[in-house]
Amino acid sequence: MSLVELHNVVKRFGTNTVLDRVSLSVEAGEIIAVIGRSGSGKSTMLRCINGLEPIQEGRIVFDGETVNDPLTNLRKLRQRVGIVFQSYNLFPHLSVERNITLAPRVVKGMEREAARELAASALARVGLAEKIDAYPDQLSGGQQQRVAIARSLAMKPQLMLFDEITSALDPELTGEVLKVLEKVAGEGMTMMLVTHEMGFARRVATRLIFMHQGRIWEQGRASDVLAKPRTPELETFLDAVLH
Amino acid sequence: MIREFALNDVYYLLLAARWTLALTGLAFLGGGTVGLLVALLRVAPFAPLRIIGAGYVNIVQGIPLLAWLFVLFFGLPILAGVRVSPWFAATVAFSIYAGAFLGEIWRGCLRAIPRQQWEAGASLGLSFVEQLRHIIVPQAVRVAIPPTVGFLVQLIKNTSLAAVIGFIELTREGQLTTAATYRPFAVYIAVAAIYFAICFPLTQWSRRLERTLRVTR
Amino acid sequence: MPHVRRVGRIGTGRMKYTFNFRDVWTQWDYIAEGIGVTLLLAIITMIAGLTIGALGAAARVYGRPWLGALVAGYVEVIRNTPLLVQLFIVFFGLPSLGVRLDTMTAAFIALSVNLGAYSTEIIRAGLEAVPRAQIEAGYSLGLSGAQVFRHVVLAPAIRIVYPALTSQFVLMMLATSVVSQISAPDLFHVASIIQSRTFRDFEIYAVIAGVYLALALAFKLFFATIEHFAFTRR
């Protein structure tokens, strides 16, 4: 059984169809890079998987549970699906430690001490162990993003979603975040990343998906898809992105 | 002789509301003048002037309106040996009070105009007063309208305190009507309803003005 | 009859007035009691007003439409009618519906309901100022709605509106003077009593004004201190 399945998913914002009968299957351990122009539906697809956006038609299944079923306990599901956004979304009024330990303590009922240890190890994984008592506004963009990753990892999810997490960063800070992503991938996490980082996609992803006008236009092994685009739309897109 | 609370009484309440509005108008004129002065004092490039302005605002805002009313209505006659009418006491007290609040609001609006506007005026050779007159104030006035209308609503409500020194306005009329009809609940609900009918449209207008302002910025 | 001492004079010739603050000072124990009542009213009202405000704001921003409309109605009615009239309705009006209240309870209810409405609006602005993105992040971590509200939204919201909220509180403390009109034994009422005994109208009300000013300053300092310790990180 696949970890994530999308069956003919349709998502509309008003009259605008953003996802147009998208079907997809993700196995555990896969690293999926999703590329495409803005408005192609890639971020929306991610946000539908953890239930942040409702869908109009179709089914989304995560680990056997139907995400879009109104009876599904989304809270429980979201403990198993981590998501990191483009603009970090760290809580500015909480320290790094409290940002990371909030969910484990409040949702899982973890004790303070145990939670702090958990935070420390999560931070060590992203290379920021010494920042545990700092506040978000004392960190650079890249550091904030790494803390955001640590925060999601601390909940020990089965799937991690990354929505253009390096797009808002200064170029010199992107590298440290990508390194962390590689590390997490190497540890066997199932990941779906919406990204513009083609080099990273080619190196790390097991599958590349190109989305266009709300549909999956091309998909396959990253190196294959990027080297030999089969459709003019992907060619145009790669031309524009890889100039 | 207790009479029934009838439509007739509501009519008299409405008539009394005229004085509420009249007092509000006078207070707004008086307070507006003071407020203008205060706002200008507070943005003056001369520190002692700014301190006077700030002092006025902080002192007036730190004393209850009732105290101003009583000092003027009860205190002044004894102090200066003059007879003070409720009209005089209320108008002066509200003008002093409104002046502080309007001054603060308008100062905020003046300060909301970006530095660059002042600098542009200065680099054209305009004096402080000329910059104020031709560049800053016209822009500030637009920004000032929504909160000023909002304060007008406050003023209308505050005039109810004038009842305490015997000034005949809506609330005082309500007290008199209650004494005559022994129906306090009905009377004061009617009084509240009339205030609401006056204030609510103004509040909505102030909100609409604010929204229009935000859109055009 | 207290001995009249010439403490100061203004005016020349026909217009003479001798200030006598001594008469006022001899009544300082009454003044102190009045201060006590005013402070009691102010503090309890602030706590109640804050609570009502937080609940009301949450209801308007996150609650069902009908609940939000109810709260909006409450806020509009209170904010568009005078506090004095609200006080009269509670103290004079309710008895005719069978609810008889003593002066302090009526005062407390009217003041709290009034402050609650203003607080609701202020806190609501704060809640709406918290970026959506953070709320989403909270939900994405598996937090429930109530948990997101408590841990992610409330603290930043109050920090944002702290100045407006505390100004409103200070204004309310000054506004407690209206309860003197239903003979609640607050500071302003004490002033009237002293006035009726000593006929030193100007002195007593000037002194009372000064006391209120001092109280307002004290509260502002108090709030500034809280802000420093609660919101500034050590």
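Guide: Let us start with a term. Helices (H or I, at least four residues) and strands (E, at least two) are DSSP runs, numbered from the N terminus. The model here is predicted: local features need pLDDT of at least 70, side-chain atom pairs count only at pLDDT 80 or more, and totals for chains, interfaces and linings use all residues. Residues are numbered from 1 along each chain as its sequence is written, while chains are lettered from A and ligands numbered from 1 in the order in which they are written.

Visitor: Where does B:Ser85 lie?

Guide: B:Ser85 sits in a loop of chain B, between α3 and α4 (86–112).

Visitor: Is B:Ser85 buried or exposed?

Guide: Count neighbours. A residue is buried if 20 or more other C-beta atoms lie within 10 Å of its own, exposed if 12 or fewer, and partly exposed in between; the C-beta atoms are placed from the backbone. B:Ser85 has 12 C-beta neighbours inside 10 Å, so B:Ser85 counts as exposed. Look also at B:Ile165. In sequence, B:Ser85 and B:Ile165 are 80 residues apart; in space, C-alpha to C-alpha, they are 9.4 Å apart.

Visitor: How many residues of α5(A) are buried?

Guide: Of its 13 residues, 12 are buried, and α5(A) is mostly covered. Among them are A:Gly142, A:Val147 and A:Leu153. The buried residues pack against β6 (81–84), α3, α4 (112–125), β7 (159–163) and α6 (171–186) of chain A.

Visitor: What span should α5(A) have?

Guide: The expected span of a helix is 1.5 Å times one less than its number of residues. For the 13 residues of α5(A) that gives 18 Å, and the end C-alpha atoms are 18 Å apart, which agrees.

Visitor: How are two packed helices described?

Guide: By the angle between their axes and the distance between the axes. Axes are lines fitted to C-alpha atoms, for helices over the stretch in contact, and angles run from 0 to 180 degrees between N-to-C directions. In chain A, α3 (residues 96–106) and α5 (residues 141–153) pack at about 25°, with axes 8 Å apart. Angles under 35 degrees count as roughly parallel, over 145 as roughly antiparallel, 65 to 115 as roughly perpendicular and the rest as oblique. Therefore α3(A) and α5(A) are roughly parallel.

Visitor: Which residues meet between α3(A) and α5(A)?

Guide: Two residues are in contact if their C-beta atoms, placed from the backbone, lie within 7 Å. A:Val96, A:Asn99 and A:Ile100 of α3(A) meet A:Val147, A:Ala150 and A:Arg151 of α5(A).

Visitor: What about α2(C) and α3(C)?

Guide: In chain C, α2 (residues 28–62) and α3 (residues 65–79) pack at about 135°, and their axes are 7 Å apart. That makes α2(C) oblique to α3(C). C:Gly56, C:Ala59 and C:Arg60 in α2(C) meet C:Leu67, C:Gly68, C:Val71 and C:Ala72 in α3(C).

Visitor: How many residues do chain B and chain C each give to their contact?

Guide: Chain B gives 33 residues and chain C gives 32 residues. On the side of chain B that touches chain C, α8(B) has the largest share, 11 residues. Sort that side by class: Ala, Val, Leu, Ile, Met, Phe, Trp, Tyr, Cys and Pro count as nonpolar, Asp, Glu, Lys and Arg as charged, and the others, Gly among them, as polar. The side of chain B has 24 nonpolar, 7 polar and 2 charged residues.

Visitor: And how many residues does chain A give to its contact with chain C?

Guide: Chain A gives 18 residues, and chain C gives 17 residues. Helix α3(A) gives the most to the side of chain A, with 3 residues.
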